[in-house]
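Could you walk me through this structure in my viewer, one selection at a time? I would like to know what to pick next and what I will find there.

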Amino acid sequence: MPYVIAAPCIDIMDKSCMEECPVDCIYEGERKLYINPKECIDCGACEPVCPVEAISQDRRVDEEHTDHVEDNRRFFVEVLPGRDAPLGAPGGAHKTGAIGVDTPLVTGA
Amino acid sequence: MSAVDVDLLIVGAGPVGLYGAFYAGVRGLSVAVVDSLSQVGGQVSALYPEKQILDVAGFPSVTGRTLIGNLVEQAAAYDPLYLLGQEAQRLERTVVDDGPDLLVVTTSSGTEVTCRAVVVTGGIGTFTPRALPAGEQLLGRGLEYFVPSAQAYVGTDVVIVGGGDSAVDWALMLQPVAASVTLVHRREAFRAHHGSLQALRATDVRIITGAQVSETVGDEALEAVVVTVKGEPPQTLPCQRLVAALGFTANLGPLREWGLELHDNRHLVVDSAMRTNVTGVFAAGDVNDYDGKVRLIAVGFGEVATAVNNAAVHLDPAAQLFPGHSTDLGALVPA
C-alpha cells in the first residue's frame with residue numbers, strides 16, 4: 001500500500017519529498033530516489049511536493065510507469081551492485097546516507 | 001520527578017490509544033495515557049486533521065479533528081490521566097508473588113508511572129518536530145514547534161514557517177490576537193486544507209512563498225528573523241515569536257529497549273490476545289503485527305478493545321474476559 005516514485009525522478013532528484021517524509025523512508029540512489037514499501041506509512045505527504053510529479057500511490061501509478069511499483073521494492077529486497085546484502089528495512093534514510101547506486105531498470109533508462 | 005500509580009498505562013494518544021482509555025474505564029481500570037506530542041490524536045492530529053476519513057464504522061464521513069474530539073469526549077467519562085509532551089522511555093519490572101508484576105515506566109519528563117499492565121498504541125513511534133536549523137538555539141526563547149494556546153502570542157509579531165495544516169491553523173488562531181502574523185513557506189503550493197487556506201487569504205496575514213527563514217536575530221530572546229526569497233535580497237522582519245511547523249519525523253524510539261519482539265524492525269509482534277512477548281505488555285493499532293494484519297484505524301479500535309479486556313484479565317485472573325455490553329452498563333456518562 002505504499003507510495004512509489006517513478007521515472008520522472010531520474011536525473012532530477014529534487015529531494016523535497018525526503019524533507020517531507022515523516023518516517024524518513026525515501027532513499028537516494030545515484031540517479032533516482034526510491035520509497036521503501038516496508039517503511040512507507042501511506043500518508044501521502046511526499047506526493048504534492050514533487051516538482052516533477054513522479055510520486056503516486058502504488059494503486060494509482062500511470063500505466064506507462066507501473067514497472068516502477070515493483071522496481072521501488074526491488075531496490076530494497078535485491079542485492080544492489082557493489083553490496084553484499086539487500087538493504088531491507090534500515091529504519092531511515094538518514095541512517096544509511098545516499099546509497100549511490102540504482103536498480104537495473106533505472107541504470108538502463 | 002513526579003509519580004503516578006494506575007492499573008493500566010497506554011503508550012500513545014492516537015485514536016487507538018484514546019479508545020483504549022475509554023475501554024479501560026469500562027473495565028473499571030484506572031488509566032494514564034502518555035504521548036510524546038503535546039497534543040492528543042497522534043498522526044491524525046499531526047498529519048491530517050482536516051482530512052475526511054471515510055472508513056470509520058458508523059461515520060460516513062468525519063474529519064480527523066472531529067474523530068479525535070469525539071474519542072476524547074468518549075473517554076472523558078472515566079477521567080483518564082494524560083501525560084502529554086513526554087516520551088515513555090524506560091520499562092522496569094518488580095516481580096510480585098501473588099499478583100501481576102509491577103511495571104514502572106519512566107518518561108522523558110521524569111514521571112514514574114507504576115502500573116500493572118501496559119498497552120502500547122504507539123503507531124509509527126515517537127513524533128519529533130522537524131527542526132528549523134536557523135533558529136534552534138532560540139528554542140523556548142521565541143522559537144516554538146507547537147502552539148497549544150494563543151496566550152503567549154498576544155501583541156507580538158509572529159512568523160510561522162510551513163505549508164501544512166498546522167501552519168495555516170496556527171496562523172488563523174493567532175491572527176486575531178497578535179500584532180502581526182507572517183506565514184513563510186518554501187514552496188508556492190500549500191499542503192494545507194483548501195478551505196483553511198482561503199480563510200487565511202481573507203485575513204491580513206502576510207503570506208510569503210518560495211521563501212525560507214535563513215537567520216534569526218536575538219541573544220536572550222528572539223528579536224527578528226531574516227526571510228530570504230529565492231533571487232531577492234534578504235529582508236529582516238521584526239519577530240518575537242517564531243513558530244516552525246515543518247512536520248515531524250517518527251521513530252519507534254526507546255520502545256526498542258523494552259525487549260519486545262520486533263518484525264521488520266518497526267512492529268511489535270502480538271498474539272491473538274494482543275499480548276507481546278513481554279508479560280503484561282500488550283500492543284494494538286498500527287504498531288503491532290501478526291499474520292493478516294491490516295493497518296487501519298477501524299482495525300485498531302477492535303484490537304485495543306481486545307488488548308484492554310485481556311489486560312483486565314491479566315490484572316485479575318478471576319475477571320471475565322468479556323466486558324458485557326455497553327447497553328447493560330447503565331449510564332456510562334455520569335449524570
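## Stop 1: two helices side by side

In this predicted model, start by selecting helix 1 (residues 15-26) and helix 3 (residues 64-76) of chain B, whose axes come within 8 Å and cross at roughly 20°. With angles under 35 degrees counted as roughly parallel, helix 1 and helix 3 of chain B are therefore roughly parallel to each other. Their crossing is left-handed. To see the contact, show side chains for B:P15, B:L18, B:Y19, B:A21, B:F22 and B:G25 on helix 1 of chain B, and for B:L67, B:I68, B:L71, B:V72, B:Q74 and B:A75 on helix 3 of chain B. Colour these residues by class and you get 10 nonpolar, 2 polar and no charged.

## Stop 2: another partner for helix 1

From helix 1 of chain B, pick B:P15, B:V16, B:Y19, B:G20, B:Y23 and B:A24, which meet B:I297, B:G300, B:F301, B:V304, B:A305, B:A307 and B:V308 of helix 6 of chain B. The class colouring now gives 11 nonpolar, 2 polar and no charged residues.

## Stop 3

What do helix 1 and helix 6 of chain B lie across? Helix 1 of chain B lies across strand 2, strand 3 and strand 10 (117-120) of chain B, and runs at about 170° to strand 3 of chain B. Helix 6 of chain B lies across strand 2, strand 10 and strand 23 of chain B, at about 170° to strand 10 of chain B.

Now select the whole sheet: 5 strands of chain B in the order 6-3-2-10-23, open, with parallel pairing. Strand 6 (81-84) and strand 23 (281-283) of chain B are the edges, each with a single partner strand, so one side of each has no neighbour in the sheet. From one strand to the next, the twist averages 20°. Zoom in on strand 2 (residues 8-11) and strand 3 (residues 31-35) of chain B, which run parallel and are joined by 4 bridges. There, B:L9 stands opposite B:A32 of strand 3 of chain B.

## Stop 4

Strand 16 and strand 17 (residues 224-229) of chain B pair over 6 bridges, and B:V217 is opposite B:A224 of strand 17 of chain B.

## Stop 3: helices 4 and 5

Move on to helix 4 (residues 165-174) and helix 5 (residues 194-201) of chain B, with axes that come within 10 Å and cross at roughly 35°. The crossing is left-handed. The contact residues of helix 4 of chain B are B:D165, B:V168, B:D169, B:A171 and B:L172, and those of helix 5 of chain B are B:S196, B:L197, B:A199 and B:L200. By class, this contact has 6 nonpolar, 1 polar and 2 charged residues.

## Last stop: between the chains

Finally, show both chains: 12 residues of chain A are in contact with 12 residues of chain B. The chain A side has 8 nonpolar, 1 polar and 3 charged residues. For confidence, chain B averages a pLDDT of 93, with 98% of its residues scoring at least 70, and the model scores ipTM 0.73 and pTM 0.82.

Technical notes. Residues numbered from 1 in each chain as written. Chains lettered and ligands numbered in written order. Predicted model: local features only at pLDDT ≥ 70, side-chain atom pairs only at ≥ 80, totals over all residues. Axes fitted to C-alpha atoms, helices over the stretch in contact; angles between N-to-C directions. Parallel < 35°, antiparallel > 145°, perpendicular 65-115°, else oblique. Left-handed = near helix turned anticlockwise from the far one by under 90°. Contact = placed C-beta atoms within 7 Å. Nonpolar A, V, L, I, M, F, W, Y, C, P; charged D, E, K, R; others polar. pLDDT = per-residue confidence, 0-100. Pairing = 2+ DSSP bridges.
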